[in-house]
Amino acid sequence: MENIKDVFYQNYVSSGQAGYNGLYNLKSGKAFYFKYIIDKHIPSDREVRIVDIACGYGLFLKLLKQKKYNNIFGCELSVEQYSLAKKNGVEEIENIGLQEYLEKITKKDVFVFLDIIEHFDRLEAFRILATAFEKTEINGILILHLPNAEGIFGGKIRYADITHEMSYTKESISQLLNIIGYKNIKVYEDKPIVHNLKSLVRRIFWDLLTFPYRLLAMSETGSFKNPLSACFLVIAKK
């Protein structure tokens with residue numbers, strides 16, 4: 001029997017799950033968030049070797065190209081998404097499953113998994129990230145974006161995709177990465193990225209309206225720093 005997940009992945013665009021509306025909107029909120037990741041967490045050396053794993057329709061790679069990074073690579077299982085990436089000028093992509101791709105490539109400097117690991121169970125996630133660790137150069141970087149189990153609206157992301165298997169807390173993802181061998185693990189809350197007036201208002205509301213939740217969490221745990229966003233960003237080094 002065909003893997004049921006593959007049915008959903010191969011129809012990721014036509015089912016509406018990919019969030020692609022017919023064009024590469026380089027001024028969308030998602031694009032600004034990706035630019036923030038690139039500017040803040042990707043090394044400035046334009047020759048650094050960057051891999052976007054399960055890169056979807058290639059928006060992150062497109063932005064890397066726009067910023068003149070020369071050694072970029074990606075893989076995507078979905079033919080629909082792969083075709084869109086190629087149509088929009090992202091040639092640095094292979095139509096292949098991520099585990100097969102990870103096993104065949106040479107070592108790279110940066111591995112990017114944006115909204116990917118939650119599609120796998122614990123054992124699968126361990127195997128995938130362990131393989132990525134083996135293929136990462138010393139002092140290389142891992143970038144993850146994941147559903148946040150302790151987020152105020154974290155359940156929405158956890159169950160927004162029928163192929164999702166997991167959600168994580170900063171403790172559980174740190175536990176997983178530590179066991180594999182990653183170090184300097186840092187978790188960042190997904191606060192709205194300010195790039196126009198609307199996003200500034202959203203950021204102000206976020207900071208104000210999350211304060212009571214942070215106060216409540218502190219009263220229980222003694223910590224004021226738990227991420228409350230629906231997803232979070234994780235940066236780790238080899």
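Rings of Phe, Tyr and Trp, the last through its six-membered ring, count as a pair if their centres lie within 6.5 Å; planes over 60 degrees apart make the pair edge-to-face. The model examined here is predicted. By that rule the chain holds 5 aromatic pairs.

One of the pairs is formed by Phe211 and Phe224. Phe211 belongs to helix α10 (residues 211-221), whereas Phe224 sits in the loop between α10 and β7 (231-237), so the pair ties together parts that are 13 residues apart in sequence. Phe211 is partly exposed, with a relative accessibility of 44%. Phe224 is also partly exposed, at 33%.

**Accessibility of selected residues**

| Residue | Relative accessibility | Class |
|---|---|---|
| Cys55 | 9% | buried |
| Cys231 | 10% | buried |
| His119 | 6% | buried |
| Val112 | 0% | buried |
| Phe211 | 44% | partly exposed |
| Phe224 | 33% | partly exposed |

**Cysteines**

How many disulfides does the model contain? The count is 0. A disulfide would require two cysteine sulfur atoms within 2.5 Å. For Cys55, the closest cysteine sulfur is that of Cys75, at 6.4 Å, which is too far for a bond. For Cys231, the closest cysteine sulfur is that of Cys55, at 19 Å, again too far for a bond. Cys55 is buried, at 9% relative accessible area, and Cys231 is buried as well, at 10%.

Val112 lies in strand β4, and its relative accessibility of 0% makes it buried. Setting aside residues up to four places away in sequence, Val112 touches Ile50, Val51, Asp52, Ile53, Phe60 and Ile143.

His119 is found in the loop that runs from β4 (108-114) to α6 (122-134). It is buried, at 6% relative accessibility. Apart from neighbours within four places in sequence, the contacts of His119 are Lys5, Tyr9, Tyr12, Asp161, Thr163, His164 and Glu165.

**Helix α4**

Which residues of helix α4 (residues 79-87) are buried? They are Gln81, Leu84 and Ala85. These residues span an arc of only 100° around the axis, so they lie on the same side of α4. Strand β3 (93-94) is included in what covers the buried residues of α4. Just after the helix, Gly89 has a positive phi of about 85°.

**The chain as a whole**

The chain contains 10 helices and 7 strands. Its radius of gyration is 18 Å, close to the 18 Å that the globule rule gives for 238 residues, so the chain is as compact as a globular protein of that length. Along the principal axes, the C-alpha atoms fill a box of roughly 50 × 45 × 40 Å.

Of the 238 residues, 47% are buried. Among contacts with a separation of 6 or more, 70% join residues 24 or more positions apart. The chain exposes about 12,300 Å², and carbon and sulfur atoms supply 56% of that area.

Notes. Residues numbered from 1 in each chain as written. Predicted model: local features only at pLDDT ≥ 70, side-chain atom pairs only at ≥ 80, totals over all residues. Heavy atoms only, no water. Buried < 20%, exposed > 50% of the residue type's maximum accessible area, 1.4 Å probe, protein only. Helix = DSSP H or I, 4+ residues; strand = E, 2+ residues; numbered from the N terminus. Arc of directions from axis to C-beta. Contact = heavy atoms within 4.5 Å. Rg over C-alpha atoms; globule rule 2.2 N^0.38 Å. Areas by Shrake-Rupley, 256 points an atom, 1.4 Å probe, with all protein chains shown as cover. Phe/Tyr/Trp six-rings, centres within 6.5 Å; stacked < 30°, edge-to-face > 60°.
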